[in-house]
Each structure stands twice: as structure tokens, then as C-alpha cells.
Amino acid sequence: DHLPVYVIWAYRTTLEQDLLYRYGRTAPGKMLTQHRAGFSAHNYGRALDFCLVHRNKLVDWQEVYPDREWRHKWIKVIKRFEAEGWEAGWRWPTYEPGHVQNMLGETIHQLSNV
């Protein structure tokens, strides 16, 4: 079964993370991340953000949710990642349906040397 997944972002530099963290705080716009630079799995190449390709267009969770078939495909993508040991932001209290990460047995504090 072909699932049209598109990776939006994987590795992020600490500068990129810092800029994203500013949105909704010191820069206008909505909050884009909960994590400061150095405290995101993206900064260590352990996370990716994805969307689906639907009718030749990149669509996020809010766009696919109304369509039962595409909502099912999204959940199927998450379950495939989870079957391979990835953690899904889908299940977090902060609810990040397009985020998955695999810390490979380490914590963010171990990676950041805090």
C-alpha cells in the first residue's frame, strides 16, 4: 500500500530552531515549536515533520481530517513509524500530529549535555 508521505523537515540547526521558537513569543505569528534550540530532537537528526501528498498538493492533518479515507492514511503512516520504534507527537499532550521522532535510547538531556 503506497502512502504519499512528504518530509517537511528533519535535521534543524540550532539557529533554525531558535528562529522557530521565537514565533508566537517575540516574533508575530503562532507558536511553531515548544522547544528551545538544543532541546529539540530535530537538532540531533532524530525527528522529522511530515505531511501527505493529496491531489498533487501537500496537506497537513487539519486538511486531511475531514476526509475519512485520508484521515485513515495519516493514522496508518503514524502506526508504521511506531511499529519501527518511532514516537509519534500524535499521542502527546501537546498534540503534534505531523511529528515523529526516534531518540535511539537517549534522552534530549543526554544529547544536549545538560
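Colleague: Hi! Let's start with H42: is it buried or exposed?
Modeller: H42 is buried, at a relative accessible area of 2%. The cut-offs, for protein chains only and a 1.4 Å probe, are under 20% for buried, over 50% for exposed, and partly exposed in between.

Colleague: What kind of model are we looking at, and how are residues numbered?
Modeller: This is a predicted model with residues numbered from 1 along each chain as its sequence is written, and local features need pLDDT of at least 70, side-chain atom pairs count only at pLDDT 80 or more, while totals for chains, interfaces and linings use all residues. Side-chain values use heavy atoms, with hydrogens and water left out.

Colleague: And what is the average pLDDT of the protein?
Modeller: The average is 94, and 98% of the residues score at least 70. pLDDT is the predictor's confidence in each residue, on a scale from 0 to 100. By element, the lowest mean is 93, for helix 2 (residues 61-64), and the highest is 98, for strand 5 (residues 99-101). Helices (H or I, at least four residues) and strands (E, at least two) are DSSP runs numbered from the N terminus.

Colleague: Back to H42. Where does it lie, and which residues does it touch?
Modeller: H42 lies in the loop between helix 1 and strand 2. Leaving out residues up to four places away in sequence, H42 touches W9, A10, Y11, R12, Q17, A47, L48, D49 and H99. Contact here means heavy atoms within 4.5 Å.

Colleague: What about F81 itself: buried or exposed?
Modeller: F81 counts as buried, at 19% relative accessibility. Its place is in helix 3 (residues 68-83). Beyond its neighbours within four places in sequence, F81 is in contact with L48, W86 and V100.

Colleague: New topic: which residues of helix 1 are buried?
Modeller: In helix 1 (residues 14-22), Q17, L20 and Y21 are buried. They sit on the same side of helix 1 because they cover an arc of only 100° around its axis. That arc is taken from the directions from the helix axis to the C-beta atoms. In general, an α-helix has 3.6 residues a turn, so residues three or four places apart point the same way.

Colleague: And what covers the buried residues of helix 1?
Modeller: The cover includes strand 1 (5-9). Have a look just past the end of helix 1 as well: G24 takes a positive phi of about 80° there.

Colleague: Which residues other than glycine have a positive phi?
Modeller: R55 is one of them, with a phi of about 55°, and Y95 is another, with a phi near 50°. Most residues other than glycine have a negative phi. R55 is in the loop between strand 2 and strand 3 (57-59) and is exposed, at 70% relative accessible area. Y95 is in the loop between strand 4 (87-88) and strand 5, and counts as partly exposed at 37%.

Colleague: How far apart are T94 and T33?
Modeller: They are 9.9 Å apart, C-alpha to C-alpha, and 61 residues apart in sequence. T94 is in the loop between strand 4 and strand 5, and counts as partly exposed at 46% relative accessibility.
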